[in-house]
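Please open the model in your viewer and keep the selection panel at hand. The tour below goes from one selection to the next and says what is found at each stop.

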Amino acid sequence: MRVVIVTESFPPDVNGVAHCALQTARHLVDRGHAPLVVAPATAAGHGPDALAPCPVVRVPSLPLPGYPQVRVALPSRRVATAITEHRADIVHLASPFILGVRGMAAAARLGVPAVAVYQTDLAGYARTYVGAGEATAWRRIRSVHAAADRTLAPSSAALHDLEAHGVPRVRLWPRGVDTVRFRPEHRDEALRREVAPNGELIVGYVGRLAPEKQVELLAGACGLEGVRVVIVGDGPSETSLREALPGAVFLGRRTGDELARIFASLDVFAHTGPFETFCQTVQEAMASGVPVVAPAAGGPLDLVAHGRTGLLVPPRDEAAVRDAVGALAADPALRAAYGAAGRATVEGRTWAAVGDQLIDHYTDVLSARTVVAA
């Protein structure tokens, strides 16, 4: 198959959309297909995408006001040109919002089937950033995804939200995890001594430091005796979080094998954001053999088995986060049991396995188009 992946973000960006688009492209190449990626240009310019597994077309972009790590694509004919020149059999729209909307329009105009992958809770972001606009966000989501031949939701909660808001033809497609890179054996005692020199229990958060992630809910955990909170990531909320989380260690953005060492060196992983359509970092913590504390909302509901691989807590509840961390801090045997169960749970969730599921979705869509045409 010849596939054009139109994505709102792609490496060197570090986020769930970029990572999933990269893994999708890699898997398609591994299976003998021919992907092409269309993505916003980076801050450094178009430049060569040396680490990409396939050709990448970069579309001019501007930084999002107040959040320069996020790039917004400008109007461009490159999307339609890329689909045409690549002779695409199918268009894959990764978290369509701006560039993906143009990709959907181009695919429809050219008669190329499209699969839209829902990854970002735009309605939740609207509530967080502007305190309104949730209905407007859902109208945009519905209009884009309704035009696609199939929408793929990453979790049961996301699927139910899409269907409840009138999005048709929704199917479940979860995310994979690199179980070779993320594994318990990468635990690093030297790193642990560096961030917790007095032997404190290490509680880690990994992800963007932005308002929707509500990382300030770890303030209660920072106050627990014998606990050291470690924050990995960057973003517009970093300055305020340094004030809100006294005693926390901020390691900045980390990736690759270095990130895997950090994950495996944690005693507890805590995620606080209530708007996750999936939550890849929860899977990476589980693959690393680390018990998880996460909100009982969105993607974590599918990932965390409460009382077996971690603890689910009410969203936006600082005291509940603190109490869950405290319960795990007080019980080493429970942490070990949850961590081992988490690792066992994700061992079959490789990117190869979910990549093959994606190819099956493509095949179904192409077959349906063929039947209609006949």
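**A serine and its surroundings**

Select Ser 288 and Glu 284 to begin: a polar atom of the Ser 288 side chain lies 2.7 Å from the backbone oxygen of Glu 284. The model is a predicted one, in which local features need pLDDT of at least 70 and side-chain atom pairs count only at pLDDT 80 or more, while totals for chains, interfaces and linings use all residues. Residues are numbered from 1 along each chain as its sequence is written, and side-chain values use heavy atoms, with hydrogens and water left out.

Ser 288 belongs to the loop between helix H11 (280–287) and strand S14 (292–295); helices (H or I, at least four residues) and strands (E, at least two) are DSSP runs, numbered from the N terminus. With a relative accessibility of 2%, Ser 288 counts as buried, a term that means under 20% relative accessible area, with exposed over 50% and partly exposed in between (1.4 Å probe, protein chains only).

**Aromatic rings**

Rings of Phe, Tyr and Trp (its six-membered ring) pair if their centres lie within 6.5 Å, and planes under 30 degrees apart count as stacked, over 60 as edge-to-face and the rest as tilted. By this rule there are 3 aromatic pairs. Next, select Tyr 118 and Trp 138, whose ring centres are 6.4 Å apart with planes at 25 degrees, so this pair is stacked. Return then to Phe 263 and Phe 269, where the centres are 5.6 Å apart and the planes stand at 45 degrees, so the pair is tilted. Both of these phenylalanines are buried.

**The nonpolar cores**

A nonpolar core is a set of buried Ala, Val, Leu, Ile, Met, Phe, Trp, Tyr and Cys residues joined through side-chain atoms within 4.5 Å. The largest has 29 residues, and those with the most contacts inside it include Phe 263, Phe 269, Val 282 and Val 292. Helix H10 (256–264), H11 and S14 are among the elements that each supply at least two residues of this core. Finally, select Val 293, which is in a second, separate core of 26 residues, together with Ala 221, Ala 270 and Val 313 among others.

How values were computed: A polar contact is a pair of N or O atoms within 3.5 Å; within protein, one must be able to donate a hydrogen and the other to accept it, and residues adjacent in sequence count only if both atoms are side-chain atoms.
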